[in-house]
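Open the viewer and get ready to select residues by number. This tour moves from stop to stop and says what to look for at each.

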Amino acid sequence: MNKLFDITGKVALVTGGSRGIGEMIAEGFVKNGAKTFITSRKADQCDKTAKRLSKFGECISIPADLTDSNEIKKNAIENGCPVPFLRPKYLASNKATTKDLIEHICKKVDYHDYFIIIQPTSPLRVSEDIDNALSLCQKKNAYSVVSVT
């Protein structure tokens with residue numbers, strides 16, 4: 001059964017990973033071999049949880065306010081990720097829709113072939129799923145592929 005959930009060599013990011021359901025998800029990732037990053041606005045709690053989970057594998061604390069675009073940029077750059085533009089404040093709320101996000105990106109970026117939106121409600125999607133979706137989109141000359149889980 002353990003082999004079924006083996007994610008050794010994968011990397012996971014769990015927002016809100018310092019307590020509650022997020023902590024339980026992070027623990028599952030760590031115990032099953034993933035290098036796991038957890039975020040929380042409360043640095044002390046984030047560090048404490050990462051230390052506890054590190055007894056089972058690799059868990060890294062990244063205290064951050066993920067509603068603050070400048071803080072997201074700072075953390076992304078520190079971890080080697082490019083930041084082509086910042087998210088505007090109106091997209092950092094529970095009221096923002098996927099449509100709002102796509103419209104914003106289309107105005108900012110004019111060199112895309114495809115947009116890939118991985119909803120947070122589908123956290124266990126693997127890269128092969130994305131590759132297969134792109135292949136299907138190209139093969140069928142489709143405008144979009146939607147996966148439902």
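**Stop 1: a pair on a helix**

Select glutamate 103. Its relative accessible area is 37%, so it counts as partly exposed. Keep in mind as you go that this model is predicted. Side chains of opposite charge can pair when their charged atoms come close. Where do glutamate 103 and lysine 99 lie? Both are in helix α4, four residues apart, which is about one turn of the helix. Is lysine 99 buried or exposed? Lysine 99 is exposed, because its relative accessible area is 54% and the cut-off for exposed is over 50%.

**Stop 2: a nonpolar patch**

Stay on helix α4, which covers residues 98-108, and select leucine 101. Leucine 101 is partly exposed, at 32% relative accessibility. Together with Leu101 they form a nonpolar patch on the surface. The accessible area of these four residues together is about 270 Å².

**Stop 3: the whole protein**

Zoom out and switch to a cartoon view. How many helices and strands does the protein have? There are five helices and three strands. Trace the chain from the N terminus, and the elements come in the order β-α-β-α-β-α-α-α. Now show the surface. The accessible surface of the protein comes to about 11100 Å². Carbon and sulfur atoms hold 56% of that surface. Of the 149 residues, 21% are buried.

**Stop 4: the sheet**

Hide the surface and select the strands. They make an open sheet in the order β1-β2-β3, and the pairing is parallel. Which strands are at the edges? They are β1 (11-15) and β3 (59-63), and each of them pairs on one side only. Neighbouring strands are turned by 20 degrees against each other on average, with direction ignored.

Strands of a sheet pair through backbone hydrogen bonds, either parallel or antiparallel. Zoom in on β1 and β2 (residues 35-40). Five bridges join these two strands in the parallel sense. To find a bridge partner, select valine 11. Its partner in β2 is lysine 35.

Now compare the faces of β1. Ala12 and Val14 are on the covered face. Val11, Leu13 and Thr15 are on the uncovered one.

**Stop 5: helices across the sheet**

Select helix α1, residues 20-31. Helix α1 lies across β1, β2 and β3, and runs at about 170 degrees to β1. Then select helix α2, residues 43-53. Helix α2 lies across β2 and β3, and runs at about 175 degrees to β3.

**Stop 6**

How many salt bridges does the structure hold? It holds six. Select arginine 52 and glutamate 23, one of these pairs. Their closest N and O atoms are 2.7 Å apart. Arginine 52 is in helix α2 and glutamate 23 is in helix α1, so the pair links parts of the chain 29 residues apart. Arginine 52 is partly exposed, at 31% relative accessibility. Glutamate 23 counts as buried, because its relative accessibility is 17% and the cut-off for buried is under 20%.

Next, select arginine 41 and aspartate 65. Their side chains meet in a salt bridge, at 3.6 Å from N to O. Arginine 41 lies in the loop between β2 and α2, and aspartate 65 in the loop between β3 and α3 (69-78). The pair therefore ties together parts that are 24 residues apart in sequence. Arginine 41 is exposed, at 64% relative accessibility. Aspartate 65 is partly exposed, with a relative accessible area of 22%.

**Stop 7**

Finish by selecting asparagine 141. You will find it in the segment after α5 (127-139). Asparagine 141 is not a glycine, yet it has a positive phi of about 50 degrees. Is asparagine 141 buried or exposed? Asparagine 141 counts as exposed, at 68% relative accessibility.

Methods: Residues are numbered from 1 along each chain as its sequence is written. This is a predicted model: local features need pLDDT of at least 70, side-chain atom pairs count only at pLDDT 80 or more; totals for chains, interfaces and linings use all residues. Side-chain values use heavy atoms; hydrogens and water are left out. Patches are made of residues with over 30% relative accessible area and no salt bridge: like charges are joined within 9 Å, nonpolar side chains (Val, Leu, Ile, Met, Phe, Trp, Tyr) within 5 Å. Accessible areas come from the Shrake-Rupley method with a 1.4 Å probe; for residues, only the protein chains shown count as cover. Buried means under 20% relative accessible area, exposed over 50%, partly exposed in between (1.4 Å probe, protein chains only). Two strands pair if DSSP finds at least two bridges between them. Axes are lines fitted to C-alpha atoms, for helices over the stretch in contact, and angles run from 0 to 180 degrees between N-to-C directions. Contact means heavy atoms within 4.5 Å.
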